[in-house]
Structures are given as C-alpha cells and as structure tokens.
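Hi,

Here is the structure I promised to pass on to you. Have a look at it first, and my notes follow below.

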Amino acid sequence: MKILITGFDPFGGESVNPACEAVKLLPDTIAGAEIIKLQVPTRFALSGTVLEAAVNEHRPDAVICVGQAGGRSAITPERVAINLADASIPDNAGDQPVDEPIRKDGAPAYFTSLPVKAMVQKMRAAGIPAALSYTAGSFVCNSLMYTLLYLIDRQYPAMRGGFIHVPYAMEQAVGKPLGTPSMDLHQIARGILQPNFAQELVDALWLKYSEWVWTISANTADYFAGYNQFQNLTVDGKTRSGVLYRVCRFV
C-alpha cells in the first residue's frame with residue numbers, strides 16, 4: 001500500500017513551513033505502508049499540477065495533504081473543500097485570485113474521504129491536541145484539497161484523500177505576539193499519521209450507502225409510485241495478498 005503525504009514550502013514571509021518539515025520527519029514505512037513524501041509549492045496553479053503528477057506517477061491508495069494554519073492551537077483534519085479561490089495575500093508566485101472557481105466544471109464543494117473523526121480521536125488518545133475543522137479557508141490549502149478531491153471524484157474513485165492543517169512550529173512563534181499557539185514539529189509529525197491510523201488505512205473496508213437512484217424505468221415508476229425501493233451497498237478493500245476488490249449489491 002502507498003500513502004502520499006504532501007507539505008507546502010514556506011510562504012507569507014516565514015522561513016519554514018511546519019507542514020513540510022513535519023512530513024520530512026515521517027518514516028518511510030508505517031504499518032507496512034510505503035510513505036511517499038512530497039513538497040508542493042504554495043502557488044495556486046502549480047500546487048495542483050505537482051500533486052496531480054505525483055498521483056499519476058505513484059498511484060497511491062491514499063493521499064494526505066498538510067498545510068500551515070497559523071493561529072490554530074491543534075492539528076485539524078479538514079472536513080470539506082470549496083470551489084473558491086479568494087486570497088487575502090499573494091501566493092509565492094504573486095498571484096492573488098479573488099472570487100474565482102478552482103475548477104469551472106467542479107462541484108461547489110467536496111467532502112474528504114478520510115475518517116477525520118476517528119483521526120481526531122486517535123490523536124487525542126495519544127495526547128496530541130486535535131480538532132475537526134469545517135473550513136480549509138480560501139487560500140492555496142483549500143485549493144489543493146479541492147484539487148485532490150476533484151481528482152478522486154473524476155479519475156481515482158478508489159483512492160482516499162483529505163487535508164490536515166497544523167499549527168505554527170515552535171520556532172515560528174518567536175517574535176510573534178505573546179500567546180501565539182505553536183507545536184513541536186515531532187508532535188506534529190506524530191499527529192498527522194498515527195501508526196494505528198496507517199494500519200487502519202491498510203486494513204480498512206469501506207462501506208457506503210449510495211443516494212437514491214432517481215432514474216428508473218417507467219414500469220418501475222408506475223409500480224412503486226415513483227419511488228425507488230433500493231439502496232446500493234458498496235464494500236471495497238484489499239485481500240491479504242494486496243489485490244483490490246469491490247462488491248456491490250442492492251439492499
């Protein structure tokens with residue numbers, strides 16, 4: 001199994017980015033999964049291009065993108081990405097889009113396919129401050145998360161993916177206002193990919209109840225008064241030998 005983990009380069013006048021530095025500290029394998037580490041540029045257009053190229057090259061089973069959220073006091077897995085680029089500061093290329101869609105043919109928003117609530121619970125159980133976040137902002141972090149989930153929706157439906165925001169590194173708090181939250185880089189690295197969570201990704205079976213199937217035949221519509229009577233249950237995962245499988249049935 002392969003897990004691709006990305007971290008941004010420094011931006012906004014910072015000399016380091018805790019996302020990238022924490023990713024560098026991760027081991028090359030966790031719970032038998034190969035960990036592929038990638039630095040991405042803090043640039044709207046290029047970050048998505050670099051991510052897409054890495055996904056096409058490595059074909060990972062899961063992708064976790066990591067970014068800095070200065071001011072937050074905990075590691076925060078993101079629940080949703082929105083189709084909006086609206087930058088309050090320029091990116092590292094000087095681009096500052098305002099009210100622009102990330103993908104013109106994309107959905108208004110995409111939800112993460114990572115088990116973010118379980119991730120938060122596991123981090124807290126390990127003594128690491130963590131909380132669920134419902135906004136990834138509208139800067140490059142949100143743009144990259146949206147691009148990842150767009151790729152999953154359009155090209156890689158079996159792949160899991162999402163985004164994690166992390167606080168400032170402790171050294172970044174020097175010179176900032178008193179009380180600015182920060183976290184040790186090793187603790188951030190422990191949080192973004194807990195060994196038991198990596199094991200869960202390796203072993204997991206994914207269950208999904210689909211939405212109603214609205215397109216039905218005329219005869220079925222007449223018989224059921226227009227209501228579809230079934231939901232589709234999809235179970236997919238890997239065998240012990242690493243073979244991917246998917247089973248679908250109506251329930």
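Tyr-110 and Tyr-146 are both buried, where buried means under 20% relative accessible area, exposed means over 50% and partly exposed is in between (1.4 Å probe, protein chains only). Please keep in mind that this is a predicted model, in which local features need pLDDT of at least 70 and side-chain atom pairs count only at pLDDT 80 or more, while totals for chains, interfaces and linings use all residues. Residues are numbered from 1 along each chain as its sequence is written, and side-chain values use heavy atoms, with hydrogens and water left out.

Now the aromatic rings. Rings of Phe, Tyr and Trp (its six-membered ring) pair if their centres lie within 6.5 Å; planes under 30 degrees apart count as stacked, over 60 as edge-to-face and the rest as tilted. By this rule the model has four aromatic pairs. One of them is Phe-44 with Phe-139, an edge-to-face pair with 5.5 Å from centre to centre and 90 degrees between the planes. Phe-44 belongs to helix H2 (residues 44–58) and Phe-139 to the loop between helix H3 (116–125) and helix H4 (140–154), so the pair links distant parts of the chain, 95 residues apart. Helices (H or I, at least four residues) and strands (E, at least two) are DSSP runs, numbered from the N terminus. Both Phe-44 and Phe-139 are buried. The rings of Tyr-110 and Tyr-146 have centres 5.0 Å apart and planes at 45 degrees, so this pair is tilted. Tyr-110 lies in strand E7 (residues 109–111) and Tyr-146 in helix H4, so the pair ties together parts 36 residues apart in sequence. What is the order of the strands in the open sheet of six? The order is E2-E3-E1-E4-E8-E5, with mixed pairing; two strands pair if DSSP finds at least two bridges between them. Strand E2 (29–30) and strand E5 (76–77) stand at the edges with a single partner strand each, so one side of each has no neighbour in the sheet. E2 pairs with strand E3 (residues 33–40) in the antiparallel sense over two bridges, and Thr-29 has Glu-34 in E3 as its bridge partner. E1 and E3 run parallel and are joined by seven bridges, while five bridges join E1 to E4, also in parallel. Six of the seven residues of E1 are buried, so this strand is largely enclosed by the rest of the structure.

There is also a nonpolar core to look at, meaning a set of buried Ala, Val, Leu, Ile, Met, Phe, Trp, Tyr and Cys residues joined through side-chain atoms within 4.5 Å. The largest one has 30 residues, of which Leu-51 and Val-63 touch the most other members. Strand E1 (2–8), E3, H2, strand E4 (62–68) and H4 each supply at least two residues of this core, and H4 gives the most, with nine. A second, separate core of 28 residues includes Ile-30, Ile-75, Met-123 and Ala-169.

Finally, take a look at Ser-133, in the loop between H3 and H4. Ser-133 is buried, with a relative accessible area of 6%. Its side chain makes a polar contact of 2.7 Å with the side chain of Glu-78. A polar contact is a pair of N or O atoms within 3.5 Å; within protein, one must be able to donate a hydrogen and the other to accept it, and residues adjacent in sequence count only if both atoms are side-chain atoms. The side chain of Ser-133 also reaches the backbone oxygen of Thr-135 at 3.0 Å.

Best wishes
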